[in-house]
Amino acid sequence: MARREFKKPRIKIEDLDTAAATDAKNHFGELLHRVVYSRIPVLVERHGQPVAVLVDIDQYLELMKNPRSGGKKITLAGPD
(Lines give C-alpha, C1' and ligand atoms only; values in the text may rest on other atoms or scores of the structure.)
Protein backbone atom coordinates (compact mmCIF):
# COMPACT_ATOMS: atom_id res chain seq x y z
CA MET A 1 0.00 0.00 0.00
CA ALA A 2 1.47 3.33 -1.04
CA ARG A 3 2.04 5.89 1.61
CA ARG A 4 -0.14 8.93 1.04
CA GLU A 5 1.70 12.22 1.19
CA PHE A 6 -0.06 15.34 2.28
CA LYS A 7 1.15 18.57 0.83
CA LYS A 8 1.44 21.38 3.29
CA PRO A 9 -0.34 24.48 2.12
CA ARG A 10 2.10 27.08 0.85
CA ILE A 11 1.95 30.38 2.64
CA LYS A 12 1.26 33.25 0.31
CA ILE A 13 2.72 36.61 1.15
CA GLU A 14 -0.78 38.12 1.00
CA ASP A 15 -1.92 35.74 3.76
CA LEU A 16 0.69 36.81 6.30
CA ASP A 17 -0.01 39.15 9.17
CA THR A 18 1.99 42.33 8.64
CA ALA A 19 3.77 44.82 10.85
CA ALA A 20 5.45 48.09 9.92
CA ALA A 21 9.20 48.04 10.61
CA THR A 22 8.88 50.75 13.25
CA ASP A 23 6.06 48.87 15.01
CA ALA A 24 8.07 45.64 14.80
CA LYS A 25 11.02 47.41 16.44
CA ASN A 26 8.87 48.96 19.15
CA HIS A 27 6.94 45.75 19.89
CA PHE A 28 9.59 43.14 19.10
CA GLY A 29 8.99 41.17 22.29
CA GLU A 30 5.29 40.81 21.52
CA LEU A 31 5.98 39.78 17.92
CA LEU A 32 8.61 37.28 19.01
CA HIS A 33 6.24 35.75 21.55
CA ARG A 34 3.52 35.45 18.89
CA VAL A 35 5.87 33.85 16.36
CA VAL A 36 7.44 31.41 18.81
CA TYR A 37 4.41 30.29 20.79
CA SER A 38 1.60 30.69 18.26
CA ARG A 39 3.79 29.80 15.26
CA ILE A 40 2.26 32.65 13.28
CA PRO A 41 4.78 34.20 10.85
CA VAL A 42 4.79 37.99 10.56
CA LEU A 43 5.70 39.96 7.45
CA VAL A 44 7.68 43.12 8.21
CA GLU A 45 7.20 46.03 5.84
CA ARG A 46 9.14 49.24 5.36
CA HIS A 47 7.37 52.04 3.51
CA GLY A 48 4.67 49.55 2.51
CA GLN A 49 7.14 47.14 0.90
CA PRO A 50 7.85 43.66 2.31
CA VAL A 51 11.41 43.41 3.65
CA ALA A 52 11.47 40.40 5.99
CA VAL A 53 9.45 37.62 7.56
CA LEU A 54 9.76 36.67 11.20
CA VAL A 55 9.28 32.89 11.56
CA ASP A 56 9.63 30.25 14.25
CA ILE A 57 12.99 28.44 14.21
CA ASP A 58 11.35 25.09 13.41
CA GLN A 59 9.57 26.61 10.42
CA TYR A 60 12.84 28.14 9.25
CA LEU A 61 14.73 24.85 9.55
CA GLU A 62 11.96 23.12 7.60
CA LEU A 63 12.30 25.72 4.85
CA MET A 64 16.05 25.17 4.70
CA LYS A 65 15.58 21.39 4.33
CA ASN A 66 13.30 21.90 1.33
CA PRO A 67 15.49 22.34 -1.77
CA ARG A 68 12.58 23.96 -3.65
CA SER A 69 12.46 26.78 -1.13
CA GLY A 70 15.39 28.48 -2.79
CA GLY A 71 16.97 28.95 0.62
CA LYS A 72 20.73 29.36 0.74
CA LYS A 73 22.87 28.61 3.72
CA ILE A 74 24.55 31.71 5.05
CA THR A 75 27.10 32.51 7.69
CA LEU A 76 27.67 35.69 9.61
CA ALA A 77 30.33 36.54 7.02
CA GLY A 78 27.71 36.41 4.24
CA PRO A 79 26.34 33.96 1.65
CA ASP A 80 28.33 30.83 0.77
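What pattern does the chain follow when read along the sequence? It goes β-α-α-β-β-α-β-β, which comes to three helices and five strands. Helices here are DSSP runs of H or I with at least four residues, strands are runs of E with at least two, and both are numbered from the N terminus. Keep in mind that this is a predicted model, where local features need pLDDT of at least 70, side-chain atom pairs count only at pLDDT 80 or more, and totals for chains, interfaces and linings use all residues. Residues are numbered from 1 along each chain as its sequence is written, and side-chain values use heavy atoms, with hydrogens and water left out.

Three strands form an open sheet in the order 1-2-3, with mixed pairing; two strands count as paired if DSSP finds at least two bridges between them. Strand 1 (17-20) and strand 3 (49-54) sit at the edges, each pairing on one side only. On average, neighbouring strands are turned by 35° against each other, direction ignored.

Now look at strand 2 (residues 42-46), which pairs with strand 3 in the antiparallel sense over five bridges. Along this pairing, Val44 has Ala52 as its bridge partner, and Glu45 stands opposite Pro50. The hairpin of these two strands has two residues between them, and His47 takes a positive phi near 55° there.

Helix 2 (residues 28-38) packs on the sheet and touches strand 1, strand 2 and strand 3. Its direction makes about 60° with that of strand 3; such axes are lines fitted to C-alpha atoms, for helices over the stretch in contact, and the angles run from 0 to 180 degrees between N-to-C directions.

What makes up the largest nonpolar core? Six residues do: Ala19, Ala24, Leu31, Val35, Val42 and Val44. Such a core is a set of buried Ala, Val, Leu, Ile, Met, Phe, Trp, Tyr and Cys residues joined through side-chain atoms within 4.5 Å, with buried meaning under 20% relative accessible area (1.4 Å probe, protein chains only). Helix 2 and strand 2 are the elements that give two or more residues to this core.

Finally, the chain as a whole. Buried residues make up 15% of its 80 residues. Among contacts with a separation of 6 or more, 34% come from residues 24 or more positions apart.

Definitions and conventions. Contact = heavy atoms within 4.5 Å. Buried < 20%, exposed > 50% of the residue type's maximum accessible area, 1.4 Å probe, protein only.
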